[in-house]
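Student: Please take one part of this model and go through it closely. I would like the surroundings of the ligand, followed by the elements that can be described alongside.

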Amino acid sequence: NLEGYAPICLGLEDFYIRRLYLRIQDCFGRPIASAPDAWFDMVERYSNDHNKTLKRTENVARCLNLGSYNYLGFAAADEYCTPRVIESLKQYSASTCSPRVEAGTTVLHSELEDCVAKFVGKPASLVFGMGYVTNSAIIPVLIGKGGLIISDSLNHSSIVNGARGSGATIRVFQHNTPSDLEKVLREGIAEGQPRTHRPWKKIIVVVEGIYSMEGELCNLPEIVAICKKYKAYVYLDEAHSIGAVGKTGRGVCELLGVDTADVDVMMGTFTKSFGSSGGYIAGSKELIQYLKYTCPAHLYGTSISPPSAQQIMSAIQVLLGEDGSSRGAQKLARIRENSNFFRSELQKMGFEVLGDNDSPVMPIMLYNPSKIPAFSRECLKQNVAVVVVGFPATPLLLARARICISASHSREDLVRALEVISNVGDLIGIKYFPAEPKKE
Ligand code: PMP
């Protein structure tokens, strides 16, 4: 009952949850007038009249961007990627205007699928025009009536959507808790017993690499071991982890030492670390072949735009050093250093910060929903743009500000942001722990 407004207050002037009679104004509710790099221009005043034409140059404030998922800084002009994207635009245009199986497969599409499969460590991959659609369209193709989906309680809406649309039985396990997963698996298997000698046609366990509202890394090694024990398939959504973590950016499997052969379906999006759009599924050759013939989103949806495909390939080439520079390795080192520095400084100041080391996503707990607009507004007054999140994206009393760190933030940017956030924290009273004394 949100009347068309998104739960996350980015890009909204008014955020109105009718059910709660709660009016939260000015929650980072301004359109962005420039590309979302480390700094961007945010339109200062934008009336509630959504029909009003927005003038690009009017009332623009330059803000430090702690809000978008531009983890590696590829969502800005890049000396290697941008000229190649422009070239692909000239050669192939902005859209194929056709599904893959009709006239929508260019050379770039097949090159991209080889490149993604190689990068994530699977034999084959299939790419889609949108990350959300990748989950919501693929899950129903993989499983249906007579199947059992066991889903982490905090999985993304696109996964929930796909699971609900599949017709399979859905069970939820306690967020990122392998012991509860095992309990739910056992109960699920027992529940399916009367069927035949095999309780379910198949069981798929769905988890994420990094949870975007919690900043936590998945307990993948234990989850994979349990799935092996109970012969369940593992479906891993790496939207926030691919490119962002792991020595060479290959995500949580690389970071946590999990063999990609033990993850049956690897899903990810290109909208975060790669600064592009679209999503992928990577898996065995047989799985990808099956999806190519059966997935309606692949058969009937327009293929990913060629310049987006080129951007992804170029970004991966930079990460792998195939551009002839060490920029990729530097970006990966930088995002890790930036994330770990920012997290530990926030903790030293007395904030309650969720999530794990190495994760570029760090929620600062606000708890009380009334602190949502105050935090956002006070940060914005000092030109720091932070996404604030409340119900229904989180439980009502677990409101938070969600910081996303990027490799394109300089140390000075982060020090300034910490200063602003510290002042705002004192002002609105959200330092729930004693601060660590500063070293002389
Ligand atoms: N999966 C997860 C875990 C996500 O967080 C998101 C979006 N942030 C998606 C899928 C959907 O991806 P996209 O925004 O690229 O459509």
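Tutor: The model is a predicted one. Around the ligand there are 14 residues, of which Gly 131, His 156, Ala 239, Thr 269 and Thr 271 come nearest. Helix H3 (residues 131-142) supplies the largest share of this shell, three residues.

Next, helix H11. Its 23 residues (327-349) should span 33 Å at 1.5 Å a residue, and the end C-alpha atoms are 32 Å apart, so the two values agree. Buried residues of H11 include Gly 328, Leu 332, Ile 335, Phe 342 and Leu 346, and also Lys 331, Arg 334, Arg 336 and Arg 343. The packing partners of the buried residues of H11 are helix H10 (306-319), strand S12 (361-367) and helix H13 (411-428). After H11 comes Gly 350, with a positive phi near 105°.

Strand S12 leads on to a sheet. This sheet is open and has three strands in the order S12-S15-S14, with antiparallel pairing. S12 and strand S14 (387-389) are its edge strands, each pairing on one side only. On average, neighbouring strands of the sheet are turned by 25° against each other, direction ignored. Between S14 and strand S15 (residues 399-404), which run antiparallel, there are three bridges. Val 388 has Ala 401 in S15 as its bridge partner.

Definitions and conventions
Residues numbered from 1 in each chain as written. Predicted model: local features only at pLDDT ≥ 70, side-chain atom pairs only at ≥ 80, totals over all residues. Helix = DSSP H or I, 4+ residues; strand = E, 2+ residues; numbered from the N terminus. Expected span 1.5 Å × (residues − 1). Buried ≥ 20, exposed ≤ 12 C-beta atoms within 10 Å, placed from the backbone. Contact = placed C-beta atoms within 7 Å. Near = placed C-beta within 6 Å. Pairing = 2+ DSSP bridges. Axes fitted to C-alpha atoms, helices over the stretch in contact; angles between N-to-C directions.
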